[in-house]
Every structure is written in C-alpha cells, then in structure tokens.
Amino acid sequence: MKFKLLAFIVNIAITLGVGALGGWATAQSVKTWYPTLNKPSFNPPNWLFAPVWTTLYILIGIAAYLVWIRRDKIVHFPRTVAIYLIQLILNLGWSFIFFYLHEIGFALAEIILLLIIIVINASMFYKINKWAGLIFIPYILWVSFASFLTYNIFILN
C-alpha cells in the first residue's frame, strides 16, 4: 500500500493529543500532591515518564495508521475503531483519576480495565496487521508496570 502522509500524521497527532491532555491533568500534581505520596523503591524518576509516554503514543499512532490504511478490508472496522477509542479514553482517564482527582483506588481499578482493553485492542490490530499488534507490546508492558506501580502506591498510602 502507498504511504499516506496526512493519515500518518493525523493518527500520531491523535495519540499525542491524548498524551498532552493527560500531561495537563498530571502537571500540577507531579509538583504538589505526587511528591507527598509513599512510593515503592522501584518508582521511576519523574523525568522518565514523559519520554516513555511520548514514545508509546507515537507507536500507538503508527499502529493505528497501519490499521487505518486497511480499513476497506476490515469487516468490523467500526468495532475496531470503538475499541481503539475506548482504549485511548481509558488511557486519558487514568491520568485524570490518579493525578487530577487523587483517587488512587479508583485509578487502580481503571488501569486494570485499561490493560484488558489494550490487550484486546492489540489482538484486534494483530489480526489486521501483525506489526500493528506487535507495536502494542511495549505499551502493554509499560501499562502492566504502571498497574503494579499504582497497586503499590495504593497499598502504601
């Protein structure tokens, strides 16, 4: 298939936009509320989160592009898009729940649901384009780690 630059940019812009909204929800609490929490010894330094998430959002956008360019061949394209959008909404929701609302327990439940939806999304993408599904592996690994981190912060606080 021919590379579609505009579609590629739009797909990445959507995910980076979600990341920017999450960053907005996170920014103030990282300086005020988050430092007051008890955190496990394996808690990464704050500077690590932005580059990791930026990379993940770019990868998610690339995966979405790889699926989008095959949309005419996908029988259940609306369902695929719905799962993808739910995943993005849950991703954004975690930042608001944890950092903006300071609801650690609710954030823990939400991130577990997010992880389940990410795995479903990756599986759906894999059936359409193997690379699109495989690109989700770092995302699954990071959100698995984030779930474990959220659980530990919940227990410690």
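Which residues have the most contacts inside the largest nonpolar core? Select Phe98, Phe136, Tyr139 and Val143: these have the most contacts within that core, which has 47 residues. The model on screen is predicted.

**The core and its helices**

Next, colour the helices that line up with this core. Helix H1 (5-31), helix H2 (46-68), helix H3 (77-100), helix H4 (104-128) and helix H6 (137-156) each supply at least two of the core residues. The largest share, 12 residues, comes from H4.

**Phe136**

Now centre the view on Phe136 and show what surrounds this residue. Leaving aside residues up to four places away in sequence, Phe136 touches Ile60, Ala63, Gln87, Ile118, Asn121, Ala122 and Phe125.

**H2 against H3**

Hide everything but H2 and H3. Two packed helices are described by the angle between their axes and the distance between the axes. For H2 and H3 the angle is about 170° and the axes are 12 Å apart. An angle over 145 degrees counts as roughly antiparallel, and H2 and H3 are therefore roughly antiparallel to each other.

Show the side chains where the two helices meet. On the H2 side, select Trp53, Tyr57, Ile60, Gly61, Ala64, Val67 and Trp68. On the H3 side, select Phe77, Thr80, Tyr84, Gln87, Leu88 and Asn91. The residues of this contact divide into 9 nonpolar, 4 polar and no charged.

**Along H3**

Keep H3 on screen and follow it from end to end. H3 has 24 residues, and from its first C-alpha to its last it reaches 33 Å, close to the 34 Å expected at 1.5 Å a residue. After H3 comes His102, whose phi is positive, near 60°.

**H6 and what covers it**

Move on to H6. Its end C-alpha atoms are 29 Å apart, which agrees with the 28 Å that its 20 residues should span at 1.5 Å a residue.

Which residues of H6 are buried? Select Tyr139, Ile140, Trp142, Val143, Ala146, Ser147, Leu149, Thr150, Asn152 and Ile153. Bring back the rest of the model to see the cover over these buried residues, which includes H2, H3 and H4.

**Asn152**

The last stop is Asn152, in helix H6. Is Asn152 buried or exposed? Its relative accessibility is 16%, so Asn152 counts as buried, the cut-off being under 20%. Show Pro40 and Phe42 as well: Asn152 touches both, not counting residues up to four places away in sequence.

How values were computed: Residues numbered from 1 in each chain as written. Predicted model: local features only at pLDDT ≥ 70, side-chain atom pairs only at ≥ 80, totals over all residues. Heavy atoms only, no water. Core = buried A, V, L, I, M, F, W, Y, C linked by side-chain atoms within 4.5 Å. Buried < 20%, exposed > 50% of the residue type's maximum accessible area, 1.4 Å probe, protein only. Helix = DSSP H or I, 4+ residues; strand = E, 2+ residues; numbered from the N terminus. Contact = heavy atoms within 4.5 Å. Axes fitted to C-alpha atoms, helices over the stretch in contact; angles between N-to-C directions. Parallel < 35°, antiparallel > 145°, perpendicular 65-115°, else oblique. Nonpolar A, V, L, I, M, F, W, Y, C, P; charged D, E, K, R; others polar. Expected span 1.5 Å × (residues − 1).
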